[in-house]
Amino acid sequence: MSEEIKTLEDLGEATGAAEVIANEVVANDAPVYVKKVDSLGRAYATGKRKDAIARVWIKPGNGKMTINGREFEKYFARPVLQMLLRQPLQAAERLDQYDIIATVKGGGLSGQAGAVRHGVSKALTYYEPELRGVLKKGGFLTRDSRTVERKKYGKAKARRSFQFSKR
């Protein structure tokens, strides 16, 4: 071992790992996202929240949202739920540029609104991959995995005990 190793390049040459390291650097480039659109020009995505599952299609249009065949203002009557659906479109600054058609089932209204929001966000990234950074930063692409805790035996609910009485 007469060679003296002073840099990382020298270490790579001494171990013969310089080529492997160079090949790995080339292979680990950032992933490239491609536009995923069907034959009708729509992007499809599935969104989930609690027990609700939403199937969402987006296509270029004037901002009309249809949920289970009804206008979204009638399906989600509460303003909070309507605001929830508009959030990903506002973050991406595409509020009146896409028509959204969604079918949603399972869960309650709050879970369904969250599922549609998740589906809209995913479909937007499939239609316009460059929006991924904005939506990811806003937290719209992350599936909220919180669900209802199961009921345990010997308990009234998941954690609530039956009422105690001395008599």
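Which side chains meet in a salt bridge with Asp144 at 2.8 Å, N to O? The side chain of Arg146 does; a salt bridge here is a side-chain nitrogen of Lys or Arg within 4 Å of a carboxyl oxygen of Asp or Glu. This is a predicted model, in which local features need pLDDT of at least 70 and side-chain atom pairs count only at pLDDT 80 or more, while totals for chains, interfaces and linings use all residues. Residues are numbered from 1 along each chain as its sequence is written, and side-chain values use heavy atoms, with hydrogens and water left out.

**Confidence**

- The protein has a mean pLDDT of 88, pLDDT being the predictor's confidence in each residue on a scale from 0 to 100.
- A pLDDT of 70 or more is reached by 89% of the residues.
- Over residues 18-22 pLDDT stays under 50, and the model has two contacts for them beyond four places in sequence; contact means heavy atoms within 4.5 Å.
- Where pLDDT is low, the predicted coordinates should not be read in detail.

**Nonpolar core**

- The largest nonpolar core has 30 residues; such a core is a set of buried Ala, Val, Leu, Ile, Met, Phe, Trp, Tyr and Cys residues joined through side-chain atoms within 4.5 Å.
- At least two residues of this core come from each of β1 (43-49), β2 (52-60), β3 (65-67), α3 (72-75), α4 (79-91), β5 and α5; helices (H or I, at least four residues) and strands (E, at least two) are DSSP runs numbered from the N terminus.
- Helix α5 gives the largest share of this core, seven residues.
- Ile58, Ile67, Val116 and Leu124 have the most contacts inside the core.
- Beyond its neighbours within four places in sequence, Val116 touches Ala54, Val56, Ile67, Leu85, Ala102 and Val104.

**Aromatic pairs**

- There are three aromatic pairs, counted when ring centres of Phe, Tyr and Trp (its six-membered ring) lie within 6.5 Å; planes under 30 degrees apart count as stacked, over 60 as edge-to-face and the rest as tilted.
- Tyr75 and Phe76 are edge-to-face because their planes stand at 85°, with the ring centres 4.9 Å apart.
- Both Tyr75 and Phe76 are buried; buried means under 20% relative accessible area, exposed over 50%, and partly exposed in between (1.4 Å probe, protein chains only).
- Tyr98 and Tyr127 form another edge-to-face pair, at 5.4 Å centre to centre and 75° between the planes.
- This pair links distant parts of the chain, with Tyr98 in strand β5 (residues 98-105) and Tyr127 in helix α5 (residues 109-127), 29 residues apart.
- Tyr98 and Tyr127 are buried.
- Lys35 lies over the face of Tyr127, at 4.4 Å from the ring centre; a charge sits over a ring if NZ of Lys or CZ of Arg is within 6 Å of the ring centre and within 35 degrees of the ring normal.

**Salt bridges**

- The structure holds six salt bridges.
- One of them joins the side chains of Glu128 and Arg94 (2.8 Å, N to O).
- Glu128 is in the loop between α5 and α6 (132-138) and Arg94 in the loop between α4 and β5, 34 residues apart.
- Glu128 and Arg94 are both buried.
- Asp144 is partly exposed at 26% relative accessibility, whereas Arg146 is exposed at 56%.
- Arg159 forms a salt bridge with Glu149, with the closest N and O atoms 3.2 Å apart.
- Arg159 is exposed, with a relative accessible area of 64%, and Glu149 is partly exposed, with 38%.
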